[in-house]
Amino acid sequence: MRMRKKKHTDDRIVACGALLIEEPSAMPGKWDELAHGRKLCLEIGCGKGTFVCETAKRNPDKFFIAVEKVRDVMVMAMEKAKNAGLDNVVFSDIDAEKLCEVFAENELSEIYLNFSDPWPKKKHAKRRLTFRSFLNIYRHILCDDGVIYFKTDNRPLFDFSLEEMHDSAYSLSDVTYDLHNSQWAKDNVVTEYEANFSAKGFSINRVVARPLPVFEEITDSIYRLLVPFMSVNTCVFAIKSEDGLVIFDSATTENDVSERIIPAIRQKGFEPTHIISSHHHEDHMGGEEFLAKEYPLAVRAKMPNDGKTEEGKKALCDGEKITESVVAVHLRGHSDDSMALFDTRTKTLVSADSLQLWGIGIYGTGICSAKEYLKSIQKVRDLDPENIIASHEYAPLGSCAFGKEAVKKYLDECEKYIFVLKEYAEKHNDLSFEDIAEKYKAENPDCPTISAHTFETCVKDI
């Protein structure tokens with residue numbers, strides 16, 4: 001039912017003074033000037049302001065922007081905030097579809113969606129504030145540890161929202177279908193709508209959603225997803241061609257696949273045709289089996305390890321075409337089955353773990369054969385890529401090299417470090433390789449850890 005237009009609304013808004021942001025399009029990146037360092041929080045559809053005023057009162061360390069399209073309603077919320085003497089809330093009649101024009105990327109910490117219009121007809125699903133297009137907007141304006149709080153009395157909308165959030169790569173927690181009788185009831189701020197419908201016997205549904213990392217386009221048609229692994233990240237790559245989509249590596253665990261990789265694939269609308277593992281180490285192929293169950297038609301493949309390939313996987317050959325524009329490149333050294341993918345369109349080498357630089361953190365340069373590793377470095381030089389993208393932020397140059405000059409520097413550093421290790425080990429040849437590794441770590445505490453075997457192969461194989 002449409003609210004009858006009230007008299008003197010504009011005069012009442014003017015009387016609330018600085019609580020109104022009249023030109024929100026001028027505010028991207030500037031909201032902190034109002035917040036003075038406080039966390040920025042947004043409520044979309046604040047109604048008469050009961051929720052935002054009480055929440056602002058309870059959280060003086062946060063700054064709230066309350067959005068309400070109906071000015072006759074918004075003015076009541078503004079008057080409520082003014083009468084309460086709140087200095088950490090402002091109002092605007094922003095359209096939710098235009099939030100990216102109002103907030104800079106990563107500018108918000110929290111978003112509250114309270115009893116949004118359910119738009120029950122299927123043809124109107126795109127208007128729901130939890131539809132995936134809106135969730136993508138929220139992802140853009142939320143900071144890395146941002147959060148969405150969603151409440152509704154409408155069970156069909158809630159179930160729809162849970163599915164949209166999951167498929168849009170959000171993690172879900174604190175899910176309840178009866179908020180007022182849950183462990184979270186004591187901290188709940190009740191809206192005027194919520195009080196009314198709860199009194200009529202309706203249960204209140206609530207979920208907390210946090211955006212997970214999604215596939216980021218690194219170069220044209222090559223995407224990278226960061227997945228936490230112990231104290232670092234591992235990567236899953238997606239390479240899109242006209243005749244297929246290759247998923248390169250699958251992280252470590254079933255949870256990585258179900259909670260991160262599959263939602264990220266769905267969020268992009270990808271349909272994998274190939275699932276390729278860069279080598280046999282768990283942080284790169286531990287999730288492959290679970291990913292293959294979700295995409296059973298995708299071809300599973302990798303390079304043989306010591307001449308063997310696991311059952312159910314295609315054995316790749318060096319130089320073999322995966323798709324028309326993606327070629328397998330066997331780069332031994334880190335392991336016998338280490339490989340990269342070369343995108344012939346962009347001349348980009350997705351090297352995964354094949355090129356180690358100095359290593360990363362406690363996982364220093366890991367080489368099973370220094371001789372083969374140096375051959376692989378030369379092989380990459382001969383391939384003449386314009387870009388290199390690796391799986392980890394390797395010291396000292398990171399995970400990416402863009403342009404011929406950066407690629408040369410990257411390969412030079414990979415090669416140089418092998419000889420640095422060889423020289424160090426030969427200088428201390430009176431020690432065992434285990435003792436050499438311990439001594440090196442003690443003398444270079446800020447450098448990645450190097451294994452005894454890596455020192456050994458650097459001395460014996462070159």
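Glutamate 68 sits in the loop between strand S2 (62-67) and H4. Helices (H or I, at least four residues) and strands (E, at least two) are DSSP runs, numbered from the N terminus. The model is predicted: local features need pLDDT of at least 70, side-chain atom pairs count only at pLDDT 80 or more, and totals for chains, interfaces and linings use all residues. Residues are numbered from 1 along each chain as its sequence is written, and side-chain values use heavy atoms, with hydrogens and water left out.

Glutamate 68 has 11% relative accessibility and therefore counts as buried (under 20% relative accessible area; exposed is over 50%, partly exposed in between; 1.4 Å probe, protein chains only). Its contacts (heavy atoms within 4.5 Å) include Gly45, Val73 and Ser92, not counting residues up to four places away in sequence. The C-alpha atoms of glutamate 68 and aspartate 95 are separated by 8.2 Å.

In H4, the buried residues are Asp72, Val73, Met74, Val75, Ala77, Met78 and Ala81. They pack against helix H1 (9-15), helix H3 (50-58) and strand S3 (89-92). Just after H4, glycine 85 takes a positive phi of about 70 degrees.

Helix H12 (residues 404-427) packs with helix H13 (residues 433-443) at an angle of about 110 degrees, their axes 11 Å apart. Axes are lines fitted to C-alpha atoms, for helices over the stretch in contact, and angles run from 0 to 180 degrees between N-to-C directions. H12 and H13 are therefore roughly perpendicular (65 to 115 degrees; under 35 is roughly parallel, over 145 roughly antiparallel, the rest oblique). Tyr417, Leu421, Tyr424 and Ala425 in H12 meet Ile436, Lys439, Tyr440 and Glu443 in H13.
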